[in-house]
Amino acid sequence: MTTFAQMAGRVAVVTGGSSGIGAAVAARLEAYGAKVLTVSRSAGASVRLDLAEPGAAGELVRVLDERGVEVEMLVNNAGVSLLGKVADSDPAALRALVDLNAGALTETTALLVPRMVGRGHGTVVNIASTGAYVPAPYMAAYGASKAYVLSFSQALWAETRGSGVRVVAVSPGPTDTPMNRSPMAKRSTGQVVDTVVRAVAGRRPAVVDGGVNRLTSVVFGRVLPGAWSAGLAAWLAPRTVLR
């Protein structure tokens with residue numbers, strides 16, 4: 001396991017690192033002395049790639065190998081969201097969302113984790129969402145993709161226990177980022193990164209950012225029956241997310 005405090009002089013790769021939570025994570029890592037490579041479609045990225053494209057994860061690893069980079073920490077943050085009913089959505093856009101949020105994360109992780117295991121140290125942080133715990137009407141594909149990220153992370157955490165590799169999923173709720181247009185009360189990216197830093201230093205396979213978000217995740221995900229949870233979420237969405 002490699003914590004933020006141990007990243008001085010080591011390399012971190014942050015996908016979707018040009019804005020929002022990814023940029024905040026990258027800045028915090030740099031404050032700890034890490035060498036940070038951001039990956040996104042933005043012109044200012046260290047590695048400019050659209051990870052939703054087929055073969056992009058392999059291309060990323062090829063670029064890293066060309067540069068002689070040994071990745072100590074991988075932060076899978078790249079993701080997109082779509083609002084609206086599935087029946088009213090572009091099927092290709094939904095597919096692209098799943099390919100990026102779940103597929104690219106899986107492939108990138110599967111390419112880099114064996115190297116970490118072989119060295120006996122390293123860290124993978126997967127940015128999920130409270131949508132992984134709570135039904136997400138009007139954001140159905142997004143919530144489902146994040147549920148995948150959560151489950152994948154928990155399983156990989158179990159597979160890598162004792163290997164020296166730390167795997168953790170961090171699930172923010174509404175956060176003040178360019179992607180989030182909801183007027184709901186939001187956490188700051190700094191607060192989310194504080195949670196990421198603590199989560200990496202901890203032992204749990206999954207952490208939810210913020211006390212209210214943790215409570216909501218428990219109530220919707222564990223306490224309420226599935227139909228009640230989904231129905232209440234559908235009632236709330238037009239009054240919160242879709243406003």
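Predicted model: local features only at pLDDT ≥ 70, side-chain atom pairs only at ≥ 80, totals over all residues.

Reader: Which residues are buried in α2?
Author: Ala 56, Ala 57, Leu 60, Val 61, Val 63 and Leu 64, in a helix that spans residues 56–66. Buried means under 20% relative accessible area, exposed over 50%, partly exposed in between (1.4 Å probe, protein chains only).

Reader: Why are they on the same side of α2?
Author: Because they cover an arc of only 160° around the axis. That arc is taken from the directions from the helix axis to the C-beta atoms.

Reader: What do the buried residues of α2 pack against?
Author: Strands β1 (11–15), β2 (35–40), β3 (47–48) and β4 (71–76), plus helix α3 (91–119). Contact means heavy atoms within 4.5 Å.

Reader: Now the sheet. What is the strand order?
Author: β3-β2-β1-β4-β5-β6-β7, seven strands in an open sheet with parallel pairing. The edges are β3 and β7 (206–208), and each pairs on one side only. Two strands pair if DSSP finds at least two bridges between them.

Reader: How many bridges join β1 to β4?
Author: Four, and the two strands run parallel. For Val 13, the bridge partner in β4 is Leu 74.

Reader: Where does α3 lie?
Author: Across β4, β5 (122–127) and β6 (165–171), at about 155° to β4. Helix α4 also packs on the sheet, where it touches β5, β6 and β7 and makes about 160° with the direction of β6. Axes are lines fitted to C-alpha atoms, for helices over the stretch in contact, and angles run from 0 to 180 degrees between N-to-C directions.

Reader: Thr 160 next. Buried or exposed?
Author: Buried, because its relative accessibility is 5%. Thr 160 sits in α4 (residues 140–160). Leaving aside neighbours within four places in sequence, Thr 160 contacts Val 113, Val 117, Val 165 and Val 167.

Reader: And the whole chain? How many helices and strands?
Author: Seven helices and seven strands. Of the 243 residues, 47% count as buried.

How values were computed: Residues numbered from 1 in each chain as written. Heavy atoms only, no water.
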